[in-house]
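Reader: Could you take me through a protein model, starting with its metal site?

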Amino acid sequence: MFKNFKNIEKVVFGRGSLSTLQAIIEPHRKENKQYFVYIIDNYFNGKNLVQQLPLKPEDVLFFEDVDKHEPTTQQVDELRDKILKGKGLPSGVIGIGGGSIMDIAKAVSLMLTNEGSSTQYQGLNLIKQPGVYHLGIPTISGTGAECSSTAVLTGPIKKLGLKCEWTVFNQIILDPELIATVPQDWWFYTGMDTYIHCIESENGTLNNAFSHAYAEQALSLCREVYLNENSGRSADNDDKLMVASLMGGLSLSYSEVGVCHALSYGLSKILDYRHCYANCVAFQHLEDIYGQGVQEFKQMLHKHDIQLPTGISAKWSDETLTQMAEVAYNLPHMWHQAFGENWKEKVDLTYIKNLYKRL
Ligand code: NAD
Ligand code: ZN
């Protein structure tokens, strides 16, 4: 019932704060083989942002394409092997990108010091050694991956995070200028991930004054960004969205997500739906569980002219439904959050399959 959670050690916030990177990492350059690994979203390959980085000749850059699939255990293992076979243990790992890159950077930093495949460490507190220094610079806001203690990876058997205290970033730099170029649909889906985190956090049995304080504030920021009179894309709203993502994530550190996220994991694992999009696709059908939250979500969809598919489950076989329901059922902490410790009295595979049939 009590969580002794680890927060990010250091946070810089503000427009243009990317310029603080050099001073921040300089003291760490003395560590290990004295070079930094940058893991950067391939979107930024050839873009201005790379010229703004305080690169030294010895530093190594990896541009990762996150559009093909969500981060995998194989991708993380391969990056780790390349790094260690190259220059050896780096001073640190810097991730620049969205939730996918945040998770890859966190996972690589851990896998540099933990032997074997990352599949062995998918779960809670399975990592044996602290990783190397790691710093996150988010470029799209909503998942809260910048502050969470998990690095979500899809492996051959499960989609599950490497979750422990050492996963949390040592440092993050929140520069809202970096999210200005996010495509409109991703701006919506990823922002809605925060919104849904907060609705699930607020409407669950683990909610308490701590998680509520963050969720309430993050929800209010989401309304300013997506619903109120001055909603939409603007510098001011980018500032707010970046803070909302952080606060939504912090709300979860003392609470949990719920039904929508459980369904989303099934959609991602079995049908390769992307996390934030999957949440949106599922959330629209959960009005009986999340009432006002879903109504408000629909207003935001309408306001930003976002069309979500419906009627998709008609094409799914019973086998697909069962596979997705099994993935979702195996997330007991989410069902516990939604329905309490006796959740099994209400939730079984049939119940979950019926939820999927609404989609
Ligand atoms: P993402 O990182 O997958 O990126 C989405 C798209 O936006 C990509 O095409 C990317 O290239 C593009 N993009 C990113 N920044 C951009 C920019 N500034 N300008 C233009 N394009 C940009 O998106 P996401 O929604 O942030 O992350 C999803 C991932 O996060 C999933 O893998 C999910 O499992 C994970 N996740 C992790 C946690 C956690 O706590 N660790 C929580 C929720 C989700
Ligand atoms: Zn989420």
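Author: The protein donors of the zinc ion (ligand 2) are Asp193 (OD), Asp193 (OD), His197 (NE2), His261 (NE2) and His275 (NE2), at 2.1 to 2.6 Å from the ion. Donors are N, O and S atoms within 2.8 Å of the metal (3.2 Å for Na, K and Ca), and water is not among the atoms, so sites may look incomplete. This is a predicted model, in which local features need pLDDT of at least 70 and side-chain atom pairs count only at pLDDT 80 or more, while totals for chains, interfaces and linings use all residues. Residues are numbered from 1 along each chain as its sequence is written, chains are lettered from A and ligands numbered from 1 in the order in which they are written, and side-chain values use heavy atoms, with hydrogens and water left out.

Reader: What spacing do the donors of the zinc ion follow along the chain?

Author: The spacing is D-x3-H-x63-H-x13-H. Histidine 197 belongs to helix H5 (residues 184-202) and histidine 261 to helix H8 (residues 259-271), so this pair ties together parts that are 64 residues apart in sequence. Helices (H or I, at least four residues) and strands (E, at least two) are DSSP runs, numbered from the N terminus.

Reader: Is histidine 197 buried or exposed?

Author: Histidine 197 is buried, as is histidine 261. Buried means under 20% relative accessible area, exposed over 50%, and partly exposed in between (1.4 Å probe, protein chains only).

Reader: New topic: how many aromatic pairs are there in the whole structure?

Author: A search finds 17 aromatic pairs. Rings of Phe, Tyr and Trp (its six-membered ring) pair if their centres lie within 6.5 Å; planes under 30 degrees apart count as stacked, over 60 as edge-to-face and the rest as tilted. In one of these pairs, tyrosine 43 and phenylalanine 44 have ring centres 4.9 Å apart and planes at 85 degrees, so the pair is edge-to-face. Tyrosine 43 is partly exposed, at 38% relative accessibility, whereas phenylalanine 44 is buried at 6%.

Reader: Which other pair is edge-to-face?

Author: Phenylalanine 283 and phenylalanine 297 form one, with 5.3 Å from centre to centre and 80 degrees between the planes. Phenylalanine 283 lies in helix H9 (residues 275-283) and phenylalanine 297 in helix H10 (residues 287-303), so the pair ties together parts that are 14 residues apart in sequence. Phenylalanine 283 is buried, with a relative accessible area of 0%, and phenylalanine 297 is also buried at 0%. Both belong to a cluster linked by ring pairs, whose members include Trp187, Tyr226 and Tyr290.

Reader: And the strands? How many residues of S7 are buried?

Author: In strand S7 (residues 150-154), 5 of its 5 residues are buried. Thr150, Val152 and Thr154 cover one side, while Ala151 and Leu153 are on the other. In a regular strand the side chains alternate between the two faces of the sheet.

Reader: Which strand does S7 pair with?

Author: S7 pairs with strand S8 (residues 159-163) in the antiparallel sense over 5 bridges; two strands pair if DSSP finds at least two bridges between them. A hairpin of 4 residues joins S7 to S8, and threonine 150 stands opposite lysine 163 in S8.

Reader: What is the order of the strands in the open sheet?

Author: The order of the 3 strands is S5-S8-S7, with mixed pairing. Strand S5 (123-124) and S7 are the edge strands, each pairing on one side only. S5 and S8 run parallel and are joined by 2 bridges.
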